[in-house]
Each structure stands twice: as structure tokens, then as C-alpha cells.
Amino acid sequence: MSVITIALVTMTKKVENIAVLTSGGDAPGMNAAIRSVVRACSYYKLNCFGVFKGYEGLINNEIEELNARSVRNIINKGGTFLKSARSQEFRTKEGREKAYKNLLKNNIDALVVIGGDGSFTGALKLSEEFDFPVVGIPGTIDNDINGTDYTIGYDTALNTVVDAIDKIRDTASSHNRLFLIEVMGRDAGDIALNAGIGAGAEEILIPEEDMGVERLLDSLRKSKKTGKTSSIIVVAEGDKSGKNIFELGEYVEENLDDYEVRVSVLGHIQRGGAPSCYDRVLASKLGVGAVEALIEGKREVMIGIVHKEVTIVTLKTALEKRTHKHDKLIKVADITSV
Ligand code: ATP
């Protein structure tokens, strides 16, 4: 072993005590991810601590040791038994300092943060300001994180949305109505586009593309001419029409005589429910990956999944804007809704 290698090895403190928290919006599969982190710690003979209520609990020292049995019977449960929170105080340096001091007080060597981009931004700051090892696991229904094909909770949310739209379709077709259905996705159209295709929507409005309301009207007129009697339009929260969904509904009704329009906002049902098998397996893989990464001395990284393989990217990369395009899916949506 060269002198340089010895120096690097001794500089990286061996991880013995790992804490895990869930932060931001809850997502189905977060429990499965916590369970995986706790059990991976147990497997590798490390101590694991659960932080309750996200960064807020870190600031208030709401930390408890967990063991393999503490996480029994949670893999099938939605939400997060550690609770989640949005902490304003953690956005301040003073707040993060309190959190850091509590980590030291509990002899914790590294922190696993399960959450979305906001949670990762906080984790990165903690790491940079106090040189504290952090690893992120993407847990958010939005699927809006760079460096991973999927985030935990997204697959379950898609299935929930498709199921809800299927039910709304029954009413739409019985009454010859046009339904505008709002789904989550302020910045990312993944839920709208995939659930829209899966549920056979006529049109899908997403934040990444501005199709324009006039094109929407044209398309609906054409649909009518081809014999469609009812229609489903899926609208992501952050769509670029410049109108909220109720204004959009009124606009369509005013401009298309022969349509009776109804609006449905799916809201928080999209976050809830038992995680799908896909999300449970994904969460299990990423939890193990996070603990193994910390054992290998990795820090300031996110564990994700790319082409079915567990991958590691820096937290900075995870926080970059995603570059992938929806073009192919949009084409599929266009073709299959003729
Ligand atoms: P979701 O995608 O479900 O909304 P999220 O992780 O993006 O999840 P946020 O509410 O944005 O959810 O962030 C969670 C928490 O992370 C915040 O309440 C705050 O404590 C912390 N956080 C977010 N942004 C920052 C920031 N710029 N600096 C420090 N901490 C932050």
C-alpha cells in the first residue's frame, strides 16, 4: 500500500453509527427504505438510529436507536413511521448547527436522508458546512430527481392515479362528459404523462411542454368529430396553460358548446396507500446501497437506480436539472389517443 493510499484510508473515519430520517413530502415505500437501512446496519454490525420528524427532529434531538425488530411489519405500510416534516429552522445555518451538534451528541457518524430535492439541498449544506457524511435516497412521488430513473413512491402513485382515472372514466362515459383531472407534478410531468397513457387519456398537459389552450380545443373538436363522446384530460399541477384547472375547465366549456366539463383534483390520495411491489423492492435495494456506500467511505452522494442497477451519483449531480426528454412518450400519447 502506498503512502498516499494509507493516508487516504486513515483519513476516512470508520462508520459505526448511522442515523436515518425521512424528510419533505411522504411517499409510499419510505417505510421499506427505513427498514432496509436499519436491517443493512444490523447485517453489517453497525448501530442504527432513527430521527423522528425529519430535520425538525434532528434539531430537537428526537433520535432513538433502532434494531432489526423495530422495523417489523412496516414494509407494506404507506407513509413513514419516522414521520416527516418541513423544517424552516433547518434552512438557517443556526438550525443546521443545532442538528449537527445533536448528531455529535449521539455519536452518530453518518446520516441517511430519504426525501426529495429540498431534503437533499439541506443534506448537502450539512455536509459542506460541518464536514458530516450524508447519503441521500430519493423518496418522492414526483420522480423529479436527476441521476435516478425512479424515485421511491412514484410507481405506487402512478398506480393510484390510474386507478382513480379508471373510476372517473366510468362516470365520464356514462354521462358523455369531459373530465379535467389534476395530478401532482409541479415541475415534472412524469406522473401525468405515464398515468395519462396508462389510463387512456385524450390529452395530457405537463409542465415541460406548453401545448397551448387553443391546440387543446382543436384536439377536442377533432376527437368529437371522430366519434368520441367522453374525454379524459390529465393535467399536471405545474402545467403551462397559464390557467388553474378550474379556469381551464371554464374556458373549455365556454369555447366548446357540446362538452359538459367536470374538474377533479386528485390531491393527497396520490401520496397514500400501500407501496407497490416495485417500490418495496426499489426501497430495499437503495437502503442497502446507502449503508454499503457509507461503509465504503462514500459521502455527499445519492443512491439511485439506472437501467435497473443501483448507482451512486454526487448529491450535486442529483440536484441538477434533469435533462431527459419526454418526446417519445408524448408521441406514444398522441398516437394512442387518436
Ligand atoms: P418533496 O419532493 O416531496 O416536496 P422535498 O425533500 O423536496 O420533498 P422540501 O419541503 O422541499 O421537500 O424540503 C424538505 C426539507 O428540507 C425542508 O423542510 C427543509 O428543512 C430542508 N430544505 C429544503 N430546502 C433547503 C435549503 N435550501 N437549505 C436548507 N434546507 C433545506
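Predicted model: local features only at pLDDT ≥ 70, side-chain atom pairs only at ≥ 80, totals over all residues.
## Domain layout

The protein is divided into domain 1, which is made up of residues 17-153 + 275-318, and domain 2, which covers residues 154-271. The C-alpha centres of domain 1 and domain 2 lie 34 Å apart.

## The interface between the domains

Where the domains meet, 17 residues of domain 1 are in contact with twelve residues of domain 2. Domain 1 and domain 2 bury about 1,100 Å² between them, and 52% of this area is on carbon and sulfur atoms. On the side of domain 1, the residues that lose the most area to domain 2 are Ile 141, Asp 142 and Asn 143, which together account for 44% of what that side buries.

Between domain 1 and domain 2 there are nine residue pairs in polar contact, counting pairs with both residues at pLDDT 80 or more, whereas the count of salt bridges between these domains is zero. The side of domain 1 that touches domain 2 consists, by class, of six nonpolar, six polar and five charged residues.

## Aromatic pairs

Across the whole structure, a search finds seven aromatic pairs. In the pair formed by Phe 52 and Phe 81, the ring centres are 6.3 Å apart and the planes stand at 90°, so the arrangement is edge-to-face. Phe 52 lies in the loop between β2 (47-51) and α3 (54-59), while Phe 81 lies in the loop between β3 (63-66) and α4 (93-105), and the pair therefore ties together parts that are 29 residues apart in sequence.

Technical notes: Residues numbered from 1 in each chain as written. Heavy atoms only, no water. Domains from an automatic or database assignment. Contact = heavy atoms within 4.5 Å. Buried area = accessible area lost by both parts, 1.4 Å probe. Salt bridge = Lys/Arg side-chain N within 4 Å of Asp/Glu carboxyl O. Polar contact = N/O pair within 3.5 Å; in protein donor to acceptor, adjacent residues only side chain to side chain. Nonpolar A, V, L, I, M, F, W, Y, C, P; charged D, E, K, R; others polar. Phe/Tyr/Trp six-rings, centres within 6.5 Å; stacked < 30°, edge-to-face > 60°. Helix = DSSP H or I, 4+ residues; strand = E, 2+ residues; numbered from the N terminus.
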